[in-house]
Amino acid sequence: EYGVSRHTVREAIRHLNSAGILRRERGRGTVINRSEFEQPLGALYSLFRSIEASGAAPGSHVIDLREDFDPVVAAQLDLDPATPLLYLERIRCADEEPLALDRAWLPLDIAKKLLSSNFENTALYDELEKKCGIRPDAGWERIAPVLPTPAERTTLMMRRGEAAMSLERLGTANGVPIEWRTTLIRGDRYRFVSHFSQGEAPPMTASPRR
């Protein structure tokens, strides 16, 4: 089809393998090597910015954006169970391929202006700062390996048996909780990296039963 010899094709593929653009997989042959993303632990980060910094094109498909009530989430935010919340659910993408299923809740009295935002091509924290004048400056995140449900696996275009990571995040501003987030992220595309040095390790704490 291209008018070149088999040797030329093999040599081209060899160079693409060496450059990391292609890779060999047992049972599948030569496939495109998709971008993988690394995120340092211990830093407040934006998934949108992490994808963008890697050279891939970030984007989202908004599934839901509405006013919501959830007593369990309200408890995470130290709010009264009847407190109205803003709920945002998105499929996060890199180069138009699904990477994560992301759900975020914020107190409505802080984030009400976000109900009119378009989150297809923007970061939540950027919109929160621009429209509401506030941005998380601290918090914590809990990460655990999970097997996605069949529906989640279909949404994220994962193969049967592939693991994902479940992330829970509490974001605070000036010590006040302003965001509760749960994210299911593909384990084959995203990795967390921890940097350490010699010194005294922080004490281990038990995770509360949920």
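Trainee: How many bridges join β7 to β8?

Mentor: Strands of a sheet pair through backbone hydrogen bonds, either parallel or antiparallel. In this predicted model, β7 and β8 run antiparallel and are joined by nine bridges.

Trainee: In what order do the strands of the open sheet stand?

Mentor: Six strands form the sheet, in the order β4-β5-β6-β9-β8-β7, with antiparallel pairing. The edges are taken by β4 (58–68) and β7 (138–146); each has a single partner strand, so one side of each is left without a neighbour in the sheet. On average, neighbouring strands are turned by 15° against each other, direction ignored.

Trainee: Which strands does α5 lie across?

Mentor: Helix α5 lies across β5, β6, β8 and β9, and runs at about 155° to β9.

Trainee: Which residues of α5 are buried, and why are they on the same side of the helix?

Mentor: Within α5 (residues 124–132), the buried residues are L124, Y125, E127 and L128. They lie on the same side of α5 because they cover an arc of only 160° around the axis. Their cover includes β5 (85–94), β6 (97–107), α4 (108–111), β8 (164–173) and β9 (176–186).

Trainee: What follows α5?

Mentor: The residue after the helix is G133, with a positive phi near 70°.

Trainee: How many helices and strands does the protein chain have, and what percentage of its residues count as buried?

Mentor: The chain has six helices and ten strands. Of its 210 residues, 38% count as buried.

Terms used. Residues numbered from 1 in each chain as written. Predicted model: local features only at pLDDT ≥ 70, side-chain atom pairs only at ≥ 80, totals over all residues. Heavy atoms only, no water. Buried < 20%, exposed > 50% of the residue type's maximum accessible area, 1.4 Å probe, protein only. Helix = DSSP H or I, 4+ residues; strand = E, 2+ residues; numbered from the N terminus. Arc of directions from axis to C-beta. Contact = heavy atoms within 4.5 Å. Pairing = 2+ DSSP bridges. Axes fitted to C-alpha atoms, helices over the stretch in contact; angles between N-to-C directions.
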